[in-house]
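Me: Hi! Could you walk me through this structure?

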Amino acid sequence: MNVSTDQFLQQAMAHAGDAYIGGAWVPVAGSERLPVINPATGALVAEIVGGTGADLDRAVAAARGAFPAFAASPVADRLALLERIHALILQRAEPLAQALTLEMGAAISHARAAHVPFAAAHVQVAIDVLRDYEFLTMRGTTAIVREPIGVAALITPWNWPLYQITAKVAPALAAGCPVVLKPSELSPLNALMFAQIVHDAGAPAGVFNLVNGTGSEVGAGMAAHPDIDMISITGSNRAGALVAQGAASTVKRVTQELGGKSPNVLLPDADFERAVPLGVMAAFRNVGQSCSAPTRMIVPRARLAQVEALARQTVEAIVVGDPAQEATTLGPIANHAQFGRVQAMIAMGLEEGARLVCGGPGCPEGLPNGLYARPTVFSDVTSAMRIAQEEIFGPVLVIIAYDDVDQAVAIANDTVFGLGGHVQGTDLAQARSVALRIRTGQVHINHPAWDPHAPFGGYKRSGNGREYGAFGFEEFLEVKAVLGFA
Ligand code: NAD
């Protein structure tokens with residue numbers, strides 16, 4: 001079914017007070033109204049109604065009821081469902097992109113080029129993995145069988161809303177797990193649209209359920225729920241730890257994709273003219289609101305002045321402004337709390353004695369309204385500073401100088417996080433050796449193209465478990481050994 005942008009947005013907004021449970025939109029029992037604010041204007045875009053424990057119970061019951069048939073469904077049926085979902089995301093790409101601009105300030109060009117197609121890519125990856133997956137393999141006379149784990153609860157953040165949803169929902173459905181999704185209450189419109197897509201794709205009733213609401217109500221309820229078999233959260237370390245605590249007594253599987261403070265090591269032989277601009281833009285992509293943003297640029301001390309000059313030049317070419325305009329590179333920070341955090345961390349950097357290369361506190365010139373931050377680069381940063389240790393989640397890059405490669409690796413690993421990492425260098429053997437010494441779930445050498453099949457997840461406090469590709473799919477499977485099978 002083709003729908004226009006306006007129609008589809010209006011249709012989603014009309015369900016702001018609903019949950020999607022058992023194959024139908026139903027009014028939620030709750031009454032708490034949660035505003036969705038356009039960060040570019042401060043205008044109220046919609047008000048969703050927060051779900052309650054009773055709404056969650058209904059959704060979990062629907063998922064539980066759907067589990068036996070869905071778990072046993074032919075692979076061909078699940079492939080066909082995912083293919084219809086994939087096609088509908090692409091057909092409705094424009095309204096999805098427009099909604100992202102409205103609800104979290106994503107620059108429209110970025111929403112069109114990245115948020116939506118990458119979200120579709122997660123569905124395509126789930127299709128690719130499922131098509132070839134061996135659910136039963138033999139080891140001698142023992143069969144190793146992979147089975148869906150059960151009802152999966154999925155909690156997603158506001159920064160890449162649709163992308164995070166498909167990264168969880170698609171592999172769960174591929175595996176045969178019915179899901180209950182709780183998207184971020186700060187940017188829930190994409191989730192409403194996605195639910196409509198799953199509905200229009202003809203998902204069996206109960207296989208996909210959506211309950212909007214807060215983390216403390218619906219999210220915590222999911223963690224503790226006795227009838228949920230697995231919970232997967234992407235969000236802050238605070239929320240991830242609370243989910244693990246809440247889930248402990250029911251011994252459900254917990255996967256967490258949490259924060260990051262990812263290093264970008266520029267080796268002495270790097271192509272600085274290429275590496276610095278790409279590194280700055282990778283750090284500031286999505287206004288720096290990406291968990292794996294390479295926000296620590298670790299550079300040879302002898303090249304510091306050159307790196308600073310290249311970084312300044314790159315930032316000068318960035319267009320900060322109205323996210324609805326095609327020419328805009330960076331829109332506003334997605335929400336008020338995050339804006340405050342970014343401003344506080346920029347002030348902290350100055351207090352700690354870091355030197356501004358460009359940017360700084362406050363809003364860019366000519367943008368006094370809206371949650372716009374100045375793309376900011378700090379130099380003379382040491383690894384001990386808070387701006388080098390804490391996730392800022394905004395357009396703030398720190399440059400840290402090193403004296404030799406061993407020190408560069410030590411700085412790269414001097415963090416509680418371990419999500420992303422980058423290495424730049426022309427001698428590939430050296431770049432590889434440094435990449436292998438960085439303790440993070442992903443390392444990118446010389447800014448390669450995105451690989452949606454590559455497993456993604458954290459070492460250390462960046463999380464547990466992996467998403468994307470076969471690894472992400474297997475998180476939703478149990479392993480059964482049947483001895484004497486042959
Ligand atoms: P957040 O933790 O505030 O919220 C994330 C989700 O968790 C929301 O749906 C929220 O309602 C829910 N939540 C909050 N408290 C909860 C609780 N007590 N129990 C259960 N659920 C709860 O995070 P955010 O501000 O939306 O997202 C930003 C954070 O997410 C950053 O730290 C970022 O690094 C991280 N992130 C990680 C990845 C990754 O893949 N590793 C990707 C994107 C974002």
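Me: Where is Asp 380 placed?

Reply: Asp 380 lies in the loop between strand 15 (376-379) and helix 13 (386-389). Helices (H or I, at least four residues) and strands (E, at least two) are DSSP runs, numbered from the N terminus. The backbone has a detail to look at here: phi of Asp 380 is near 55°, a positive value in a residue other than glycine.

Me: Thanks! And how accessible is Asp 380?

Reply: Asp 380 is partly exposed, with a relative accessible area of 38%. In these terms buried means under 20% relative accessible area, exposed means over 50%, and partly exposed is in between (1.4 Å probe, protein chains only).

Me: Before I go on, what are the ground rules for the model?

Reply: This is a predicted model, where local features need pLDDT of at least 70, side-chain atom pairs count only at pLDDT 80 or more, and totals for chains, interfaces and linings use all residues. Residues are numbered from 1 along each chain as its sequence is written, and side-chain values use heavy atoms, with hydrogens and water left out.

Me: Good. What is phi of Asn 446 near?

Reply: Phi of Asn 446 is near 55°, again a positive value in a residue other than glycine. Asn 446 sits in the loop between strand 18 and strand 19 and is partly exposed, at a relative accessible area of 26%.

Me: Which loop holds Pro 455?

Reply: Pro 455 is in the loop between strand 18 and strand 19 (463-464). Its relative accessible area is 28%, so Pro 455 counts as partly exposed.

Me: What is Pro 455 in contact with, leaving aside its neighbours within four places in sequence?

Reply: Pro 455 is in contact with Gly 441, Gln 442, Arg 466, Glu 467, Tyr 468 and Phe 471, where contact means heavy atoms within 4.5 Å.

Me: In what sense do strand 12 and strand 17 pair, parallel or antiparallel?

Reply: Strand 12 (residues 263-266) and strand 17 (residues 422-424) pair in the parallel sense over 3 bridges. Leu 266 has Gln 424 in strand 17 as its bridge partner.

Me: And how many bridges join strand 1 to strand 2?

Reply: Strand 1 is joined to strand 2 (residues 24-27) by 4 bridges, and the two run antiparallel.

Me: Which way do the residues of strand 1 point?

Reply: From strand 1 (residues 18-21), Asp 18 and Tyr 20 point one way while Ala 19 and Ile 21 point the other way, and all are buried. Strand 7 (residues 152-155) can be described likewise: Ala 152 and Leu 154 point one way, Ala 153 and Ile 155 the other, and all are buried. Strand 7 pairs with strand 8 (residues 179-182) in the parallel sense over 4 bridges, with Val 180 in strand 8 as the bridge partner of Ala 153.

Me: Now some helix residues. Is Asn 190 buried or exposed?

Reply: Asn 190 is buried, with a relative accessible area of 0%. It is in helix 7 (residues 189-200). Not counting residues up to four places away in sequence, Asn 190 touches Leu 96, Ala 99, Leu 100, Glu 103, Pro 161 and Leu 162.

Me: What about His 86, buried or exposed?

Reply: His 86 is buried, with a relative accessible area of 16%, and its place is in helix 3 (residues 75-91). With residues up to four places away in sequence not counted, His 86 touches Ala 120, Val 123, Gln 124 and Ile 127.

Me: Last one: how many helices and strands does the protein have?

Reply: The protein has 16 helices and 20 strands, and 58% of its 486 residues count as buried.

Terms used:
Two strands pair if DSSP finds at least two bridges between them.
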